[in-house]
Amino acid sequence: MKIMVAVKRVVDYAVKIRVKTDKTGVETQNVKMSMNPFCEIALEEALRIKEAGIASEVIAVSMGPANCIDTLRTGLAMGADRAIHVEATGPLYPLSVAKLFKALVQLENPGLLILGKQAIDDDCNQTGQMVAGLLGWPQGTFASKVVLDKEKQVATVDREVDGGLETLCMDLPAVITTDLRLNQPRYATLPNIMKAKSKVIKKYTPEDLKVEIKSDLEVVQVTEPPKRKAGVIVSSVDELIDKLKNEAHVI
Amino acid sequence: MQKWRAARRLLRYSPKSLFDPRSNPNSEHSISRSASGFAHCVDGEKYHPREFPPHIEHKKERSLWNTTERGLERTSRIQYRYYGSLASKIQRNPSFTTLNSDDINYFKSILGEKNVIEDEDTLLSANTDWMRKYNGSSKLLLQPRSTQEVSQVLKYCNSRRLAVVPQGGNTGLVGGSVPVFDEVIINVGSMNKIISMDQVSGVLVCEAGCILENLVSFLDNEGFIMPLDLGSKGSCQIGGNVSTNAGGLRLVRYGSLHGSVLGIEAVLANGDVLDMLWTLRKDNTGYDLKHLFIGSEGSLGIVTKVSILTPPKLSSVNIAFLACNDYFSCQKLLFEAKRRLGEILSAFEFLDNESLNLVLNHLEGVRNPLPPSMHNFYVLIETTGSDESYDKEKLEAFLLRSMEAGLISDGVLAQDINQASSFWRIREGVPEALMKEGAVYKYDLSLPVEKMYNLVEEMRTRIGNSAKVIGYGHLGDGNLHLNISTPQYNDRILAQIEPFVYEWTSKHRGSISAEHGLGLMKANEIFYSKSHETVQLMASIKKLMDPNGILNPYKVLPHSIISYS
């Protein structure tokens, strides 16, 4: 069975984000970029499944401009067997990504498609669900535990939901999106980095996959959230009640 | 009667607050033993460390002891260094006066009631160093808010001959930041304003009480970094860093503070304010006196403002955590790194297997980056440059080549900032892990790189199974942090360590204190690394700048050299 993993190149999680002065987006020049943390977890899970003997190959996929190759190299250094880069300039929204994945899945026929639950730059949390819908596959999102049964070709997924944990059982092929507590991703060791140099990265364009990228969304403005105002220390309970009643209008 | 009562109160006070839980349970009886021990005090004659009588005093606890002669006229208090060592008797200098209520009222009139602290609990933490090794008995903590206030306080203390201890973040490791007896603590922590930042030249001017980590965050917004980085950055203050010439993790790239500090404003013992706060990169007009204050550990003046040259923040930081089989490989790796990584190398640290085990055992959330297997040494290499892909390629090429050459047996490369921080956590967490393990004897030595680890191995053979010997440090600078960890402080083990470690270092023309300074711990050991003539000149300078000797007494210079009038 092949596993396809989606990885995205985003601004590093630890970087302090700054909004561009023209408010069209976030500053990405000269800022450290790395693999989306949830995608790291997704790749780690795929590697563990392969090491358990249930899968034979892990393919890392990334979409975007040429510098996505860096993220794919990281994925290969972690242990993915090969990579696919879909080169597309211009913004790629979740629906376009989902359509591209549908085309790739039809080409490669993986038994499992694992994605991070969301990307930390847009926080969409849509791609996994959309792909599953387009493919007609079952989906286990916000996975905090994944157990695969090779013979029955079934995946049991524990999902982190608001009320607690929900366990779903689904037939393969399926789509899984990973949540934080699923695993702790491994580091890229030097021997693996060395091996990664000889691994293949195949390039496609949206035209090759016969997918039309049209964005029906337009980012109008990006602003910082309003700064938190300082609190006020009140001197008595009466003053507190007065403020709650007359200023905050909550009682 | 009053003095006697006060002294009695101190004696009763001492068992509760000055005793460390880790001290020897037999300590109760030492008080009576010390009575006879007093007969022969070292009375501050000139001596050479090796001539010392090798008797060891088993003093495990502090005892403030009061001998009353001829009624209650004189009290002489003898202080024992907490963990005991050869020649550990220091006498309180009788020429210093003691605090009285007039003094306190005067301080309150200058600084305000809030900034004159006599509260016992606050004083307890200000009197104790980070390692909980040194305990002073100061009764007063002052928190001036401006240079003017520092000046007024010092002027007064000088006129009254009240000894003072300048204090910042109190993170020093040689007992230099806490009182030995009842010196007044002057803590500059309230002076924490950032005065200016020049975007073009990169010069930052700030007050001495700014916490290093806060400066780093501020500079981050401006696009710069601090030229020094140390594990204590969350608490240490820049005034203290400058006063101790702190080294840290980035020295191999940005050099020492003697190079990065462009100007200092300091207050002398008599209250005079010395404004040398220039922000010029080049200024050859006369003797460059600021260098006297950098590294003199508060004994020549209190630093109140600093102007420091900050390097621009470069976008590409890469870090690798590597394993080597033997120390020779670590050395060769350093040699190769300096050549192949060249200008982008920004840190080169090493730790031995025992250090890593300590960290993994004691610190939470820390995991071994390398797949578990036996490695003897670990090296941390950091590169900082302006082009991400170029640097990564360079680093990868260097690492793969070193691996092929057999210098590295395994390694990992951090892929994002979180992974990078976790590698640093391992290296920076070793002192913390040591503290959690038990008592620790800490040595900070500069040695020729080829010989560095020989000392660790020799110490291990010497000590045997009674204690754990670990070595780690700034391999890039030839700086070894030798630590011996025992469950409790133990004079027998100390006798096996000192003076062997100092003699060994001296024999190889190393420094007995690479970056920690001398403080109280090594004041009398200076001769292992400096000649008599040099130390004599230092004493003359001290006498010139601080004739009454009130600034941080008993520290930095040996007690035999400093003679008080």
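Predicted model: local features only at pLDDT ≥ 70, side-chain atom pairs only at ≥ 80, totals over all residues.

Colleague: Is B:Ala126 buried or exposed?

Modeller: B:Ala126 has 6% relative accessibility, which is under the 20% cut-off, so B:Ala126 counts as buried.

Colleague: What does B:Ala126 touch, leaving out residues up to four places away in sequence?

Modeller: B:Leu141, B:Gln167, B:Asn170, B:Val178, B:Pro179 and B:Ile185.

Colleague: And how far is the C-alpha atom of B:Ala126 from that of B:Glu457?

Modeller: The two C-alpha atoms are separated by 37 Å, and the residues are 331 apart along the chain.

Colleague: You listed B:Leu141 as a contact. What is the bridge partner of B:Leu141?

Modeller: B:Leu141 is in β6(B) and is the bridge partner of B:Ile117. Strand β6 of chain B covers residues 141-142, and β5(B) pairs with it in the antiparallel sense over 2 bridges.

Colleague: What sheet do those strands belong to?

Modeller: An open sheet of 4 strands in chain B, ordered β5-β6-β8-β7, with mixed pairing.

Colleague: Which strands of chain B stand at the edges?

Modeller: β5 (116-117) and β7 (164-167). Each has a single partner strand, so one side of each has no neighbour in the sheet.

Colleague: On to helix packing. At what angle do α12 and α15 of chain B cross?

Modeller: Roughly 70°, with the axes of α12(B) (residues 353-362) and α15(B) (residues 430-437) coming within 9 Å. Angles from 65 to 115 degrees count as roughly perpendicular, so that is how α12(B) and α15(B) are described.

Colleague: Which residues meet there, in α12(B) and α15(B)?

Modeller: From α12(B), B:Ser355, B:Leu358, B:Val359 and B:His362; from α15(B), B:Val430, B:Ala433, B:Leu434, B:Lys436 and B:Glu437. The contact residues divide into 5 nonpolar, 2 polar and 2 charged.

Colleague: Now chain A. How do α3 and α4 of chain A pack?

Modeller: Helix α3 (residues 94-108) and helix α4 (residues 127-135) of chain A pack at about 50°, with their axes 8 Å apart. They are therefore oblique to each other, and the crossing is right-handed.

Colleague: Who makes the contact between α3(A) and α4(A)?

Modeller: On the α3(A) side, the residues include A:Leu95, A:Val97, A:Phe101 and A:Val105; on the α4(A) side, A:Met130, A:Val131 and A:Leu134 are among them. By type, the contact has 10 nonpolar, 1 polar and 2 charged residues.

Colleague: Last one. How many residues of α2 in chain A are buried?

Modeller: 8 of the 11 in α2(A), residues 68-78, so the helix is largely enclosed by the rest of the structure. A:Cys68, A:Leu72, A:Leu76 and A:Met78 are among the buried ones. A:Gly79 follows α2(A) and has a positive phi, near 140°.

Notes: Residues numbered from 1 in each chain as written. Chains lettered and ligands numbered in written order. Heavy atoms only, no water. Axes fitted to C-alpha atoms, helices over the stretch in contact; angles between N-to-C directions. Parallel < 35°, antiparallel > 145°, perpendicular 65-115°, else oblique. Left-handed = near helix turned anticlockwise from the far one by under 90°. Contact = heavy atoms within 4.5 Å. Nonpolar A, V, L, I, M, F, W, Y, C, P; charged D, E, K, R; others polar. Pairing = 2+ DSSP bridges. Buried < 20%, exposed > 50% of the residue type's maximum accessible area, 1.4 Å probe, protein only.
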